[in-house]
Amino acid sequence: MPMFRLIALLLCLMFSVSAHAQEAQIVVVVNDEAITNADIEDRMGLIFMSSGLEPNEANRKSVRERVIKNLIEEKLQLQEAKKSGIDIASADIENAIGIVAKQNRMTSDDLNAMMQRGRVPRQTLVDQIKATLAWTKVIQRQLRPQVEVGDDEVSAVLERIKANEGKPEYLIAEIFLNVDNPADEAKVEELAMSLIQRMRDGAPFSVIAQQFSKGTGAINGGDLGWIQPGQLTGELDKAAQSIGVGNVSPPIRMPDGFHIIAKKQERIISAVDPRAIEVRLRQANFALQGRTLSSAKEEIDRFRRDVTSCGALTSRASQYQDWSTADLGTKRIGALPPWLASLAQSLPANEPSQPMEKDGYAILLYVCERNDSGADRETILASLGNEKLELQARRLLRDLQRAASIDMRE
């Protein structure tokens, strides 16, 4: 073999080995699990492909730092899930990929094809989604039982909704960029500005949220649902009211990091259809035993004077012979018989109705609770619970980071 061909072959082999070694280079070790340069480059490729950010030197540096932090967190999340005996089925991952594709206005096949064109391994997206789903299960199993939302908190929201009737409410989405180290503040703010510019240039908010947001709703495109004035904290509330529909806020510095919000829709909180009002009903029944209401008036009046509320109905009704109680549950007024609907709508809460005769019984109706805001108590309960759960999840992740052995080799 001619000498120059031999030298060229050796050089090619050297460059090939060098490139492979660079890809396999370990950058971080998280509790004995490695994150390689290839892992980081593949995730960066996914982010640049999906967000449309220009992969210039400044963006690459900023995104690389964020990716390393994200991959460390995902390692910790997966390790915690494994410790808790949590596994994620392939079907769940495929279903989540389908949701991501739909949010990006494409099919799963389109998404796969786009990743192939961008030379991004599909496993990169699979790993990201697996960590998200595993962490969600950890949160639900470990933290959800610790989160309590009181009836007074739900009632306060319902009162605010009623007070805001005729005022606007907004469909809001959020991107949250955490700042764990004050020294990183300028870098995170610079990243936030880059993302905002990219969205103003046309990148979908949901796509950016999926790749960058550290909020628990990131996988759903950062959606927070319908928000009313006063429902968000401080500067976030001001931004929600001031930006126009379809616009994105500047970065908003809060104690935990930077928030970016988008206003997707706006509407006026309208008066409630009486048929949509929900009432929780109980009733007391007195066996007339052939008598009329007038002849049993003394016994009925005594009961009404003594059992004046739903609480008293529970504690005192058993002391009266010939009386029984029934919990009718929570009903929408529109679903009740006309005679009962009219009474349930007008009767003051926690007061006994006038006696009614039906099927040989004198009946007293109690409205134990009335939701006339038109809002669903269960939805509000879930929303308040999720807010508390997100705070707990951030604390747990910080605790895992403090307890972990993280060896940075870059």
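Biologist: What does the count of aromatic pairs come to?
Modeller: Rings of Phe, Tyr and Trp (its six-membered ring) pair if their centres lie within 6.5 Å; planes under 30 degrees apart count as stacked, over 60 as edge-to-face and the rest as tilted. By this rule the count of aromatic pairs comes to three.

Biologist: Which kind of pair do the rings of F303 and Y320 make?
Modeller: The ring centres of F303 and Y320 are 5.1 Å apart. Their planes stand at 70 degrees, so the pair is edge-to-face.

Biologist: How many residues apart are F303 and Y320?
Modeller: Helices (H or I, at least four residues) and strands (E, at least two) are DSSP runs, numbered from the N terminus. F303 is in helix α11 (residues 297–306), and Y320 is in the loop between α12 (310–316) and β8 (323–332). This pair links distant parts of the chain, and the number of residues apart is 17.

Biologist: What kind of pair do F303 and W323 form?
Modeller: Their centres lie 3.8 Å apart, and 10 degrees separate the planes. F303 in helix α11 and W323 in strand β8 are 20 residues apart. The F303 and W323 pair is stacked.

Biologist: Which residues form one aromatic cluster?
Modeller: F303 and Y320 are buried. The cluster is made of F286, F303, Y320 and W323.

Biologist: Over the ring of which residue does the charged end of R267 sit?
Modeller: A charge sits over a ring if NZ of Lys or CZ of Arg is within 6 Å of the ring centre and within 35 degrees of the ring normal. K263 has its charged end over the ring of Y170, 4.2 Å from the centre. For R267 the distance to the ring centre is 3.8 Å, and the ring is that of W226.

Biologist: Is D32 buried or exposed?
Modeller: D32 lies in the loop between β1 and β2, and its phi is positive, near 75 degrees, though the residue is not glycine. Its relative accessible area is 77%, so D32 is exposed.

Biologist: Which hand does the crossing of α2 and α3 have?
Modeller: The axes (lines fitted to C-alpha atoms, for helices over the stretch in contact, with angles from 0 to 180 degrees between N-to-C directions) of helix α2 (residues 37–51) and helix α3 (residues 57–83) come within 9 Å and cross at roughly 115 degrees. A crossing is left-handed if the near helix is turned anticlockwise from the far one by less than a right angle, and right-handed if clockwise. The crossing of α2 and α3 is right-handed.

Biologist: Which residues does L191 touch beyond four places in sequence?
Modeller: L191 sits in helix α8 (residues 185–200) and has 3% relative accessibility, so it counts as buried. Contact means heavy atoms within 4.5 Å. Not counting residues up to four places away, L191 touches S62, R66 and F212.

Biologist: Over which residues does pLDDT stay under 50?
Modeller: The chain averages a pLDDT of 85, and 92% of the residues score at least 70. Where pLDDT is low, the predicted coordinates should not be read in detail. pLDDT stays under 50 over residues 1–21.

Terms used. Residues numbered from 1 in each chain as written. Predicted model: local features only at pLDDT ≥ 70, side-chain atom pairs only at ≥ 80, totals over all residues. Heavy atoms only, no water. Buried < 20%, exposed > 50% of the residue type's maximum accessible area, 1.4 Å probe, protein only. pLDDT = per-residue confidence, 0-100.
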